[in-house]
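Open your viewer and get ready to click through a few residues. We will go one stop at a time.

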Amino acid sequence: NRHPDDLPTALANYDTVLRPFVGEIQAQVNPRLLRLAMPTTQRAINAFQAATALACSLRIPDLVARWSKEDRGGDWRLPAPNAA
């Protein structure tokens, strides 16, 4: 938002401020989970899409969120914006 007309500066600020934050959060993800969400064969892609569509049509994500006793999002705080 600070540099809407200056993409190189905006991207440089992202690298400086947010990339370390994003890297830290992504490092906490189990690589096996990522492999499940990124199928590599057409059959696996079709199965993933079908399972995702079924889960959404049954509103499973909403049910899981409603029954969850605690926030599963982690204790993440965005870094304070710098003056750049």
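The bend at a residue is the angle between two axes, one fitted to the seven residues ending there and the other to the seven starting there. Keep that in mind for the first stop, and remember that this is a predicted model.

**Stop one: the kink.** Select Leu 18 in helix H1. Here you will find a kink of about 50 degrees. Now step along to the proline Pro 20: the kink lies shortly before this residue.

**Stop two: the buried side of the list.** Stay in H1 and select Asn 13, Val 17, Phe 21 and Ile 25. These are the buried residues of the helix.

How many salt bridges does a search of the whole structure find? The search finds two. For one of them, select Arg 19 and Asp 15, whose side chains meet at 2.6 Å, N to O. Both residues lie in H1, which covers residues 7–27, and they are four residues apart, about one turn of the helix. Residues three or four places apart in an α-helix point the same way, because there are 3.6 residues a turn.

**Stop four: another pair.** Select Arg 59 and Asp 62. Their side chains form a salt bridge too, at 3.3 Å from N to O. Arg 59 is exposed, with a relative accessible area of 55%, while Asp 62 counts as partly exposed at 40%.

Definitions and conventions:
Residues numbered from 1 in each chain as written. Predicted model: local features only at pLDDT ≥ 70, side-chain atom pairs only at ≥ 80, totals over all residues. Heavy atoms only, no water. Salt bridge = Lys/Arg side-chain N within 4 Å of Asp/Glu carboxyl O. Helix = DSSP H or I, 4+ residues; strand = E, 2+ residues; numbered from the N terminus. Buried < 20%, exposed > 50% of the residue type's maximum accessible area, 1.4 Å probe, protein only.
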